[in-house]
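Have the sequence and the 3D view open as you read.

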Amino acid sequence: GDVFTFDPGFTSTASCQSSITYIDGDLGELLHRGYPIDELADKSHYLEVCYLLLYGELPTAAQLEDFETRVTRHTMLHEQMQYFFRGFRRDAHPMAIMVGVVGAMSAFYHDSTDISDPWQREVAAIRMIAKMPTIAAWAYKYSIGQPFVYPRNNLDYAANFLHMCFAVPSEEYVVDPILAKAMDRIMMLHADHEQNASTSTVRLAGSSGANPFASIAAGIACLWGPAHGGANQACLEMLRQIGTVDNIPEYIKRAKDKDDPFRLMGFGHRVYKNFDPRAKVMKESADEVLNLLGIEDNETLKVAKELERIALEDEFFVEKKLYPNVDFYSGIILEAMGFPTSMFTPIFALSRTVGWISQWKEMIGDPQQKIGRPRQLYTGAPRRSYSEVEDR
Ligand code: CMC
């Protein structure tokens, strides 16, 4: 029969050509369209990075203004979509709500589901970037029994998201600029990461010609897992469970034990065999935000730093090249902002939406692209004859 390369987990298979994001795992380097992530995190802002990922170049002032206006015009959700939220149990995980509501978008915005039309593809991309914060914020509001808060288009992207999450009709809510800036930076650090599991899922779903809303709903489902985007929630829960610095050695011991399934969440990466450059920025950000908010002696941050210190000196982690990844410090910032752990992965999802849609757009425009269709090594029964039920 046919001969195939066996590569479970795709550790050595390039599934596409892409000009969006570059990672050097040994150096711990991440570039978007050639620009280093730490420079972008320092000097740029989320919507500018969105433009860069989508269109390949940094925008001029006029292009940026036009882009921001286009995104801003699409932040509202069709009023009817509220029924989707209301159909869920209040204790539903917000990621479950997001998978459902984003999947339902193709039923509301069919005027941007014809993928053969470049204009419709463009509108779908803008809609997705614009509406995802509203969807995530409403999933949160629904879970705590508060009324949905409509988007405010005079606020910037990150500030508007915080407004929709934390404003209530009975009180004046002013977004803290420190928090808005920190939120914006978290969004930038999650914007894209080449062919990770959820992005590959979006590409694979989209390769059949499925519409972009359906394809991204598939990506959200994939992101949810604790080995991927779900790690930020799992990591903070782990840090809380460790509780105090004194308990760290016990958990390090468990992580090293082959017979114990426990892993240090927020540690290790398929591609980075060095510090995840996003984790470096996130660590500085965590310090800065807690300082600016006047939160001193944060026990979780103390545990995180000490855990990192001990692990980086431990032979097991050094040998296996396990370093903190993006999910290690993000939860500490999000918690300080007032988010429950269940909202960490939805925030990852809304930030990654631009990466998914940029990669999807690139794929649709690529003449080499075919439907994604992996093969297998068959290990089942050889050909045999059917036996009647009374003969079995
Ligand atoms: N704690 C303890 N041991 C680990 C860890 C960890 N976090 N990560 C990997 N190892 C060990 C693993 O047991 C294996 O050992 P051995 O070779 O003796 O069997 C070795 O290191 C290689 O691990 P792997 O699972 O084969 O590597 P992978 O590339 O398939 O997995 C990973 C990468 C990120 C899924 C994994 O490191 C992990 O589960 N980390 C914890 C979850 C996490 O933080 N995920 C977030 C990833 S970054 C952002 C994102 O995608 O959201």
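Start with a pair of residues: His32 sits across from Tyr35 of strand 3. Strands here are DSSP runs of E, at least two residues long, and helices are runs of H or I of at least four, both numbered from the N terminus. Before going further, keep in mind that the model is predicted, so local features need pLDDT of at least 70 and side-chain atom pairs count only at pLDDT 80 or more, while totals for chains, interfaces and linings use all residues. Residue numbers run from 1 along each chain as its sequence is written.

Back to the strands. Strand 2 (residues 29-32) and strand 3 are antiparallel and joined by two bridges; strands pair if DSSP finds at least two bridges between them.

Now for the overall layout. The chain splits into domain 1 (21-227 + 341-364) and domain 2 (231-337), with bounds that come from an automatic or database domain assignment. Their C-alpha centres are 26 Å apart. Where they touch, domain 1 contributes 25 residues and domain 2 contributes 26 residues, contact meaning that C-beta atoms, placed from the backbone, lie within 7 Å. On the domain 1 side, strand 2, helix 1 (37-43), helix 8 (177-189) and helix 17 (344-364) each supply at least two residues. Helix 8 gives the largest share, six residues. By class, that side has 15 nonpolar, six polar and four charged residues. Here Ala, Val, Leu, Ile, Met, Phe, Trp, Tyr, Cys and Pro count as nonpolar, Asp, Glu, Lys and Arg as charged, and the others, Gly among them, as polar.

Next, look at helix 14 (residues 299-313) and helix 16 (residues 327-337), whose axes come within 10 Å and cross at roughly 170°. That makes the two helices roughly antiparallel (angles over 145 degrees count as such). The axes are lines fitted to C-alpha atoms over the stretch in contact, with angles from 0 to 180 degrees between N-to-C directions. Thr300, Leu301 and Ala304 of helix 14 meet Phe328, Tyr329, Ile332 and Glu335 of helix 16.

Finally, the ligand. Of the 19 residues around the ligand, Ala231, Arg263, Gly268, Arg270 and Asn325 come nearest; a residue counts as near if its C-beta atom, placed from the backbone, lies within 6 Å.

Definitions and conventions: Two residues are in contact if their C-beta atoms, placed from the backbone, lie within 7 Å. Angles under 35 degrees count as roughly parallel, over 145 as roughly antiparallel, 65 to 115 as roughly perpendicular and the rest as oblique.
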